[in-house]
Amino acid sequence: MSGNMNINLKVWRQKNGKSQGKLVDYKVENVSPDMSFLEMFDVLNDRLINEGKDEPIAFDHDCREGICGSCSMYINGRPHGPNQGVTTCQLHMRSFKDNDTIVVEPWRSAAFPVIKDLATNRSAFDRIIASGGFISINTGNAQDANNLPIPKGDADDSFAAAACIGCGACVAACKNSSAMLFVSAKVSQLALLPQGAPERATRVLNMVAQMDAEGFGSCTNTGACEAECPKQISLTNIARLNREYYKAQLFSNEG
Amino acid sequence: MNWITKMFSSSLGQKLIMAITGLFLITFLIVHCTLNSLIFLNDGGVTFNAGAEFMATNPLIRIVEVVLFIGLILHVVKALVITLNNNKSRPVKYAAYDGKANSKWYSRSMGILGSLLLIFLVIHLSHFWIGTKVLQYNGTIVGHNTFHELVEVFHNPINVFVYLLGVISLGYHLMHGFQSAFQTLGINHKKYTPFIKSFGNVFSILISFIFAMMPIAMHFDIIK
């Protein structure tokens, strides 16, 4: 087909968490510009399986519509590739040119160990979420929506923070592999709502403690996370996390 | 009091120390720059020497000087601890890394800029501060011609070059540091953050420019 491209890939291959990895060259021919980046990998893997010489490349993916947070490729020095506000699955080959060389690596962080090839273990994020604990709510029938008045601005900010899909691009982008943007989004989404009020102090204290225990670096406010976040989570959340943390330490009975 | 140690040993608490000491050091810079600007009166250093003598003899300033050094040491030591810890957080580096796509180079180079500043500070203190301390110890500080010291130091082109490098490092360090300190303190809102950012940039450029003009003006005998 006319307009199809040839792509030179340099892909990180690593057998398991203990072995040494290295970049391996692959040439993918006849790539449609309408393919997603992951579909291009499917084509390559199909070929690798049929050739039988090399194992297929392991990479995380699930929904392929930009909402699950599974896909996690570090493409040409940027998480989720060159475009803003999209995940790897929503990145299309039309963003590249014929004969481009593309370097694909896994997220790099002590807290996200490589499982195999491009797949990393991001359960550190799950443990941070778990450390935040549950919220106290009444079960049973849903109550009337207007029983809990919430200012429109707060609801908007909370929903914007809740858009975080926990993909880890913030950690991958940060020169310190700090998880501050992720944790700040998860703290903010509940801190802004009345439902999050009872556990507000314990939540932030526990989540920050867990974040530090997982071995993420600290935030130096470079703003790389915000620039690379596929859900465009704002840095204002990090400032809120700082405030929530100091408030919880200084003015709550917790800690 | 367990919560205090917990707070200041957490990654957020350590950053809080960086932000508070950083802003404190900025207030010192303002005083230092204002006082040194007295040389621009171009009166042969009369007013400048009077200012320098006040700073060297006023007992309150002596106390503030100690606080200043504590602030500086805290800032440097905390920076070192945080940086070493951050370096551990990514044991395997990226083969391809495109930092400029998502952040400013000086925001990613605070450690290098800070180290350059520290080296400059040692040179700077050996030029002026140590001499003043000796005079204070001997009790001969009153009537000392600090202005003449400036003239001598800045007559040497190597010193001028070192001072300009120091001032450029300071400018970039402040451009990130100023607005970063407010973010760490939790002060970020669309009402005033754009102002903090632009004020920080103007302040960083202005203070570096004024500092840079001092060795240049003295080297070329515009101020004498």
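Q: In this predicted model, which residue of E5(A) is the bridge partner of Ile75(A)?
A: Strand E3 of chain A covers residues 74–75, and strand E5 of chain A covers residues 101–105. The two strands pair in the antiparallel sense over two bridges. Within E5(A), the bridge partner of Ile75(A) is Val104(A).

Q: What is the order of the strands in the open sheet of chain A?
A: The sheet is open, has five strands and shows mixed pairing. Strand E2 (22–31) and strand E4 (78–79) of chain A each have a single partner strand, so they stand at the edges and one side of each is left without a neighbour in the sheet. The order in chain A is E2-E1-E5-E3-E4.

Q: At about what angle to E2(A) does helix H1 of chain A run?
A: Helix H1 of chain A comprises residues 37–51. This helix lies across strand E1 (5–13) and E2 of chain A. Relative to E2(A), helix H1 of chain A runs at about 100 degrees.

Q: How many residues of domain 2 of chain A are in contact with domain 1 of chain A?
A: The domain assignment of chain A places domain 1 at 5–116 and domain 2 at 123–251. Taken over C-alpha atoms, the centres of these domains of chain A are separated by 29 Å. Domain 1 of chain A contributes 18 residues to the contact, and the number from domain 2 of chain A is 16.

Q: How many charged residues are on the side of domain 1 of chain A that touches domain 2 of chain A?
A: Domain 1 of chain A has 18 residues in contact with domain 2 of chain A. By class, this side of domain 1 of chain A includes nine nonpolar and seven polar residues. The charged residues there number two.

Q: What percentage of the residues in chain A is buried?
A: Chain A has eight helices and seven strands, and its C-alpha trace spans about 60 × 40 × 35 Å along the principal axes. Among contacts in chain A between residues at least 6 apart in sequence, 70% join residues at least 24 apart. Of the 255 residues in chain A, the buried share is 43%.

Q: How many polar residues are on the side of chain B that touches chain A?
A: The contact takes 39 residues from chain A and 36 residues from chain B. Helices of chain B that each supply at least two residues to this side include H2 (11–36), H4 (59–88) and H8 (157–184). The side of chain B that touches chain A has 14 nonpolar and seven charged residues, while its polar residues number 15.

Methods
Residues numbered from 1 in each chain as written. Chains lettered and ligands numbered in written order. Predicted model: local features only at pLDDT ≥ 70, side-chain atom pairs only at ≥ 80, totals over all residues. Contact = placed C-beta atoms within 7 Å. Helix = DSSP H or I, 4+ residues; strand = E, 2+ residues; numbered from the N terminus. Nonpolar A, V, L, I, M, F, W, Y, C, P; charged D, E, K, R; others polar. Domains from an automatic or database assignment. Pairing = 2+ DSSP bridges. Axes fitted to C-alpha atoms, helices over the stretch in contact; angles between N-to-C directions. Buried ≥ 20, exposed ≤ 12 C-beta atoms within 10 Å, placed from the backbone.
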